[in-house]
Amino acid sequence: MEGCDDGSFLADVFVDSSACIEEVWCGDLLGGTITLKLEGERINESEQIQSTSFMAIPYGSWCSQKPGEMLVWIKEMYVPKPRMSERIEQLYK
């Protein structure tokens, strides 16, 4: 991910690993390349969590648009898992 596509403070980005990752062809970006559209959340300047989507470009293309922040390893959103008793209740409904 690059700051020129996804804004600054990329360390405040969390991706939803349970959401589908969409491949998107961008013909006008870097002479044409496939990007990834990711769903997730970020912490904004007011320290609020906001849902948003992000774009990731191939690693070999980073810093081709303009110099700036880059993120290779993206944090995963924490999604609490139901307790076993909740799972059993769901099975018997």
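1. In this predicted model, strand 3, which covers residues 33–43, contains I34. The accessibility of I34 is intermediate: its relative value is 42%, so the residue is classed as partly exposed.

2. Two residues deserve attention for their backbone geometry. Most residues other than glycine have a negative phi. F9, which is not a glycine, has a positive phi near 60°. This residue is placed in the loop that links helix 1 (3–6) to strand 1 (13–15). With a relative accessible area of 55%, F9 is exposed.

3. The second case is E47, likewise not a glycine, whose phi is positive at about 60°. E47 belongs to the loop between strand 3 and strand 4 (49–56). Its relative accessible area is 69%, and the residue is therefore counted as exposed, the cut-off being over 50%.

4. Concerning the aromatic rings, the side chain of K75 is positioned over the face of F14, at 5.0 Å from the ring centre. How many aromatic pairs does a search of the whole structure find? The number is zero.

Conventions: Residues numbered from 1 in each chain as written. Predicted model: local features only at pLDDT ≥ 70, side-chain atom pairs only at ≥ 80, totals over all residues. Heavy atoms only, no water. Helix = DSSP H or I, 4+ residues; strand = E, 2+ residues; numbered from the N terminus. Buried < 20%, exposed > 50% of the residue type's maximum accessible area, 1.4 Å probe, protein only. Phe/Tyr/Trp six-rings, centres within 6.5 Å; stacked < 30°, edge-to-face > 60°. Lys NZ or Arg CZ within 6 Å of the ring centre and 35° of its normal.
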